[in-house]
Every structure is written in C-alpha cells, then in structure tokens.
Amino acid sequence: HYYCALRSTAPARVLIVDGDPSASLFESEVFYLLQALQPSASLQQSVFYPTPVTWEGLTHENLDDYQVIVLCNIQAFAPQVLQRLQQFVASGGGLLFFAGNHVSAESYNAMLYRSNTLLMPVPLGPPVQQPETQPQAIGTVDTTHEALQLFATETALLRGGQFYRYLTLMDSESLPGVQTLLTLQDGHPLLVEKRIGNGNVMFFASTADRDWTDLPTRTAYVP
C-alpha cells in the first residue's frame, strides 16, 4: 500500500475524498481504497481509520482530525478549502492526490502549483492514452522509500498492474526536493513525492479506481 508513505503514526485517521461519487458503492471512486484501508480482522490494532466523504463534504470537515487526506479525482477546490489544505500540510499532514477524468492539468497547475497555494510536487502535463492491447506496467520501484520497502523482494506484485491512461508529471527529475517513487515502463513517473512545510505531498498519475488501471484489483493494492 504505497499511500502509507504519508508518514503518519499508526493508527492513522485518513480522510478519503471522493471526487466522482456513485450511487453504487462498488462503482465509487474510493471503493478499492476503502477496502484496502479497512481494519483487518487479523490485526489486534487497526493501522488506519478511513473516513469517506464526497468532495462537497470536504468543506465541512475538521482537517485537524486527520493525519492523512486522500483526494481522489477532485475537479476543483474552493479557495477556503485550498487554504486549509495548505495549513494541514504545512503543519505536518500527509496529502495524496489521485488523477482521474475530473483532474485538469491546466486547472491544477493554476490552483495548486503556479499560485500562492503550493500543494503539488510537480506541474501536470497532458494525459497519455495507451492502446487497449498495449497497457503500460510499472517499471521501477524505489524500495528504499519507507512506503515501498515491503515490496523490496516482491516488486512483481506491483508490476502486475496495467495502466491504460495516466497524466504526465512534468520536470520530476529536475525540480529540487521531488522524489520519484514509481515509474512506468515507458519512463513516465507514476508516483512522486515532495516535502512541503512539515508535511508530505504525493501525486499518483493514474486513478484510485479501475477507470484507468487495473492496479486496484491486484494483491499489491487490496489485501
């Protein structure tokens, strides 16, 4: 579970924000994340306490109640929400973005990168669409990172996922402080991280659900 990299102390309270809610839980943007983060019956103590909320509901949440916030395919953010997210990260919170059909590179760069609210590790570029018969797979895994150490001897679990669409993450190799944790076989960064203030921000270039990738159905994602 690479999103564990947000360096929170277990058990961590995780706010999962659904940018594309569905009447069917199974079709929800956050269904697989919730399955992955639900307390395991085999553990005496829960590692995560996930709380799902729609993107509209984010406005009403007290962000201080959480150690990690996961933003899944969010189209836009109200100015007051952006300010609160920036304060959350600066104070030591972990923030993870997932891409999706509602994520516009132009809008995100204007809101979150080239503005007073710096919440993106790197600027976003255009999406890449793979032919259905030629999906990309994960090429490199930074197993020295604490989130990915458990894959040090089992990187094949991650490399089994297939990616049909993903956003371009720009300048990840040249920007200071940016770590590329996962790349695709074609060299495109898939997961990047940057420390901002006292917190950490990650961006995953594909979706949290099955819209752009089948990774959520793999063992590496959902136990």
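**Close-up views of a predicted model**

**Asp 171 is found in the loop between β7 (165-169) and β8.** Here, helices (H or I, at least four residues) and strands (E, at least two) are DSSP runs, numbered from the N terminus. Asp 171 has a positive phi of about 60°, although it is not a glycine. Most residues other than glycine have a negative phi. With 43% relative accessibility, Asp 171 counts as partly exposed; buried means under 20% relative accessible area, exposed means over 50%, and partly exposed is in between (1.4 Å probe, protein chains only). This is a predicted model, in which local features need pLDDT of at least 70 and side-chain atom pairs count only at pLDDT 80 or more, while totals for chains, interfaces and linings use all residues. Residues are numbered from 1 along each chain as its sequence is written, and side-chain values use heavy atoms, with hydrogens and water left out.

**Asn 73 also has a positive phi without being a glycine, near 60°.** Look for Asn 73 in the loop between β3 and α2 (79-90). Is Asn 73 buried or exposed? Asn 73 counts as buried, because its relative accessibility is 0%.

Reading from the N terminus, the elements go β-α-β-β-α-β-α-β-β-α-β-β-β-β. Of the 223 residues in the chain, 51% are buried. Now for contacts, meaning heavy atoms within 4.5 Å: among those with a separation of 6 or more, 70% are between residues 24 or more positions apart.

**The largest nonpolar core has 68 residues.** A nonpolar core is a set of buried Ala, Val, Leu, Ile, Met, Phe, Trp, Tyr and Cys residues joined through side-chain atoms within 4.5 Å. Which residues have the most contacts inside this core? They are Leu 71, Phe 77, Phe 97, Tyr 108 and Phe 203. In soluble globular proteins, nonpolar side chains tend to be buried together.

Leaving out residues up to four places away in sequence, Leu 71 touches several others, among them Val 17, Leu 58, Phe 77, Leu 85 and Phe 97. Leu 71 and Phe 97 are 26 residues apart in sequence, yet their C-alpha atoms are 4.9 Å apart in space.

**Phe 203 has contacts beyond its sequence neighbours.** With residues within four places in sequence set aside, its partners include Phe 97, Tyr 108, Met 120, Leu 167 and Leu 190.

**Helix α3 (residues 105-113) has a set of buried residues.** These are Ala 105, Tyr 108, Asn 109, Met 111 and Leu 112. They pack against α2, β4 (94-98), β5 (124-129) and β10 (199-204).

**Strand β8 (residues 178-184) is largely enclosed by the rest of the structure, because 5 of its 7 residues are buried.** Strands pair if DSSP finds at least two bridges between them. Strand β6 (residues 138-141) runs antiparallel to β8, and 3 bridges join them. Thr 140 stands opposite Thr 183 in β8. How many bridges does β8 share with strand β9 (residues 189-196)? There are 5, again in the antiparallel sense, and Gln 179 has Glu 193 in β9 as its bridge partner. The β8 and β9 hairpin has 4 residues between the strands, and Gly 187 in this hairpin takes a positive phi near 95°.

**Strand β7 is mostly covered, with 4 of its 5 residues buried.** β5 and β7 pair in the antiparallel sense over 4 bridges. Gln 129 has Arg 165 in β7 as its bridge partner.

**Glu 61 is buried yet has no salt bridge.** A salt bridge is a side-chain nitrogen of Lys or Arg within 4 Å of a carboxyl oxygen of Asp or Glu. Lys and Arg count as positive, Asp and Glu as negative, and His and the chain ends are not counted. For Glu 61, the nearest side chain of opposite charge is Arg 13, 6.8 Å away. You'll find Glu 61 in the loop between β2 (48-54) and β3 (68-72). Its side chain makes a polar contact with the side chain of Tyr 66 (2.8 Å). A polar contact is a pair of N or O atoms within 3.5 Å; within protein, one must be able to donate a hydrogen and the other to accept it, and residues adjacent in sequence count only if both atoms are side-chain atoms.

**Arg 218 forms a salt bridge with Asp 214.** The closest N and O atoms are 2.8 Å apart, and the salt bridge count comes to 1. Arg 218 has 29% relative accessibility, so it counts as partly exposed, whereas Asp 214 is buried, with a relative accessible area of 17%.
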